[in-house]
Amino acid sequence: MTVSLRRLRGLHMPATSRRWCRWLNDPGTTRYLESGGHWTESRLRAWVGSHVRQRATRLYAICLDGRFVGTLKLEGVRADGWANLALMVGEKRAWGRGIGTAAIRRGCGVAKRRGCVGVWAGLRAANQA
């Protein structure tokens, strides 16, 4: 099992945006997230576009053996700063396999290479994973 991050600079693949929207509109997937619901492909493309234009923000596809299974966002990525990390493993078949932990480690590595002094993330106490 290989977990990797692939930088997203926009959503050019319809299958990626459809899958991501499906996850964002699934209450079971988003119960611990702040993303809400009612996502459409055009709304998601606009959201991604607004984030990829920000120099200190990085969006990544979380891939398991090359397959898109979730997303990771780093905000505030700058030398001597603290980055904020947020992630979603949307593919339910990938839950409980350590993919989130591996993605967090890789995200922290990205932040460190970019000069961040630390990374922080919020979580909900009810999220046992």
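Colleague: In what sense do β4 and β5 pair, and over how many bridges?

Modeller: β4 and β5 pair in the parallel sense, over three bridges. Two strands count as paired if DSSP finds at least two bridges between them. Strands are DSSP runs (E, at least two residues) and helices likewise (H or I, at least four), numbered from the N terminus. This is a predicted model: local features need pLDDT of at least 70, side-chain atom pairs count only at pLDDT 80 or more, and totals for chains, interfaces and linings use all residues. Residues are numbered from 1 along each chain as its sequence is written, and side-chain values use heavy atoms, with hydrogens and water left out.

Colleague: Which residue in β5 is the bridge partner of Asn-84?

Modeller: Trp-120 is the bridge partner of Asn-84. From β4 the chain crosses through helix α4 (residues 99-113) to β5, and this β-α-β crossover is right-handed. Right-handed is used here if, with the strands pointing away from the viewer, the path from the first strand over the helix to the second runs clockwise.

Colleague: What is the strand order in the sheet?

Modeller: The order is β1-β2-β3-β4-β5, in an open sheet of five strands with mixed pairing. β1 (3-8) and β5 (118-120) are the edge strands, each pairing on one side only.

Colleague: And how do β3 and β4 run?

Modeller: They run antiparallel, with six bridges joining β3 (residues 67-75) to β4 (residues 82-89). Thr-71 stands opposite Met-88, and Gly-70 opposite Val-89. The two strands form a hairpin with six residues between them, and Gly-76 in the turn has a positive phi of about 75°.

Colleague: Which residues are closest to its centre?

Modeller: Of the 37 lining residues, Leu-33, Leu-87, Met-88, Val-89 and Asn-127 are the closest to the centre.

Colleague: Which element gives the largest share of the lining?

Modeller: β4 does, with five residues.

How values were computed
On a 1 Å grid over the protein atoms alone, a cavity is a set of points where a 1.4 Å probe fits but cannot get out, and a pocket is an open set with protein on both sides within 12 Å along at least five of seven lines; lining residues have an atom within 4 Å of a point.
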